[in-house]
Amino acid sequence: MHLYAPPKPPASIPIVDLAGTQDAKSPARDRAAQAIHRACRETGFFYIANHGTDQRLIDAQFALAKAFFDLPLEDKMQLSLRKNPASVGYEPIGGQKLDSQDPTKEAAPPDLKESFNWGADVPADHPYAIAGYRGYGTNHAPALPGFRAQMDAYAADMRRLGNLLLELIARSLDLPDDWFKPFFLSNGGNLRMIKYPPQPDEVQRNQIGAGAHTDWGGVTLLAQDQVGGLEVRNVAGDWIQAQPMAGTFVVNIGDLMARWTNGIYNSNLHRVKNNNSARDRYSIPFFYDADPRATIEAIPTCVTPENPVKYPVCTSNEHMADMFQRSYGFRPGQAKAS
Ligand SMILES: O=C(O)CCC(=O)C(=O)O
Ligand SMILES: [Fe+2]
């Protein structure tokens, strides 16, 4: 007799085929939901293929990222996230410490990346802008032709894809497909473009492109170029590479999904080190975040006597603002106006 030991988590990240999943009655939807269920328990990460996003839209977004980061630093600093009341915009190299999430531990050195963040435009008298929720207010664009139109078109398509993923995640939990919909009606999300220079020889101890962190919101859709450098921790505690794979997005679930599922689905640590070539690395994550006023509590079917409630109830904004503050050192909505 062999004593049963649980199987080892995979040393790689699965690919989920989304072909046919838009059709609610298609068996493809059930198959994808099952694959997502497994991936979310094991690594919280998976690739998606046949996602329906036009490759030209993605290529245009990378071209825009390059054009933006090629601007002079003074021009980019005009768009500083620290000056915008919606806490979106530019952050220079060293502008964030992603490895800072555990308040009981020393934060890592600042990240070796520069980035630009883009939220949802709402009028200044919108209650969410008045409340200072991150990403709700005015996006400031650089003087690059077509910049705003491209950002908005890409973000709109990521919301489309994000909504499909939320339906598949709901199905993967035996919930009605539209279970998450009421939490994502505020048209939110953060479209981020990141540039990582090659890892320099001289760095502070433990300083890398993006320090180990979890994502804060619902679900993240990441487009990465061919340089590589993203690493993901699985439930066994092993770091595995999320190698670039043409035609796919890397998808991972964020902390709010871990809270909803009472920890059944993992919002896992990941980090970036651009150590593979002498090239700059570009990546474009879209963070599909819930309505800041949504109350996040465990889905009843995810709570059992063996798995009692793990997280206190919070609003989406409470969690997002705490995580933002830990990594940037100030609270969203408290940016200096000048
Ligand atoms: O650049 C990447 O591949 C990942 C970026 C990331 O994890 C983040 O911005 O939260
Ligand atoms: Fe991340």
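Predicted model: local features only at pLDDT ≥ 70, side-chain atom pairs only at ≥ 80, totals over all residues.
Is D291 buried or exposed? At 14% relative accessibility, D291 counts as buried, where buried means under 20% relative accessible area, exposed over 50% and partly exposed in between (1.4 Å probe, protein chains only).

Residues are numbered from 1 along each chain as its sequence is written, chains are lettered from A and ligands numbered from 1 in the order in which they are written, and side-chain values use heavy atoms, with hydrogens and water left out.

**View 1**
The iron ion (ligand 2) is held by H213 (NE2), D215 (OD) and H270 (NE2), at 2.1 Å. Donors here are N, O and S atoms within 2.8 Å of the metal (3.2 Å for Na, K and Ca), and since water is not among the atoms, sites may look incomplete. Along the sequence, the donor spacing reads H-x1-D-x54-H. H213 sits in strand β8 (residues 210-213) and H270 in strand β13 (residues 270-272), so this pair ties together parts that are 57 residues apart in sequence. Strands (E, at least two residues) and helices (H or I, at least four) are DSSP runs, numbered from the N terminus. Both histidines are tucked away: H213 is buried with a relative accessible area of 7%, and H270 is buried with 6%.

**View 2. Helix α2 against helix α5.**
Helix α2 (residues 55-69) packs on helix α5 (residues 147-172) at an angle of about 135°, with the axes 10 Å apart. The axes are lines fitted to C-alpha atoms, for helices over the stretch in contact, and angles run from 0 to 180 degrees between N-to-C directions. The two helices are therefore oblique to each other; on this scale, under 35 degrees is roughly parallel, over 145 roughly antiparallel, 65 to 115 roughly perpendicular, and the rest oblique. On the α2 side, look for L57, I58, A60, Q61, L64 and F68, which meet F147, Q150, M151, A153, Y154 and D157 of α5. Contact means heavy atoms within 4.5 Å. Sorted by class, the residues of this contact come out as 9 nonpolar, 2 polar and 1 charged. Ala, Val, Leu, Ile, Met, Phe, Trp, Tyr, Cys and Pro count as nonpolar, Asp, Glu, Lys and Arg as charged, and the others, Gly among them, as polar.

**View 3. Helix α1 against helix α5.**
Here helix α1 (residues 27-42) and α5 cross at roughly 75°, and their axes come within 8 Å. That makes α1 roughly perpendicular to α5. R29, D30, A32, A33, I36 and H37 in α1 meet L164, E167, L168, I169, R171 and S172 in α5. The tally for this contact is 6 nonpolar, 2 polar and 4 charged residues.

**View 4. Two loop residues with positive phi.**
D174 has a positive phi of about 60° although it is not a glycine. Find D174 in the loop between α5 and β7 (190-196), where it is exposed, with a relative accessible area of 74%. N262 also isn't a glycine, yet has a positive phi of about 55°. N262 belongs to the loop between α6 (255-260) and β13 and counts as buried, at 0% relative accessibility.

**View 5. V250 in strand β12.**
V250 is part of strand β12 (residues 249-253) and counts as buried, at 2% relative accessibility. Not counting residues up to four places away in sequence, V250 touches F45, F46, Y47, T220, L221, L222, Q224 and L230.

**View 6. D291 and its surroundings.**
Back to the opening residue: D291 is found in the loop between β14 (281-288) and β15 (295-296). Setting aside residues up to four places away in sequence, D291 touches Y128, F183, S186 and S316. N317 is 26 residues from D291 in sequence, and the C-alpha to C-alpha distance is 7.8 Å.
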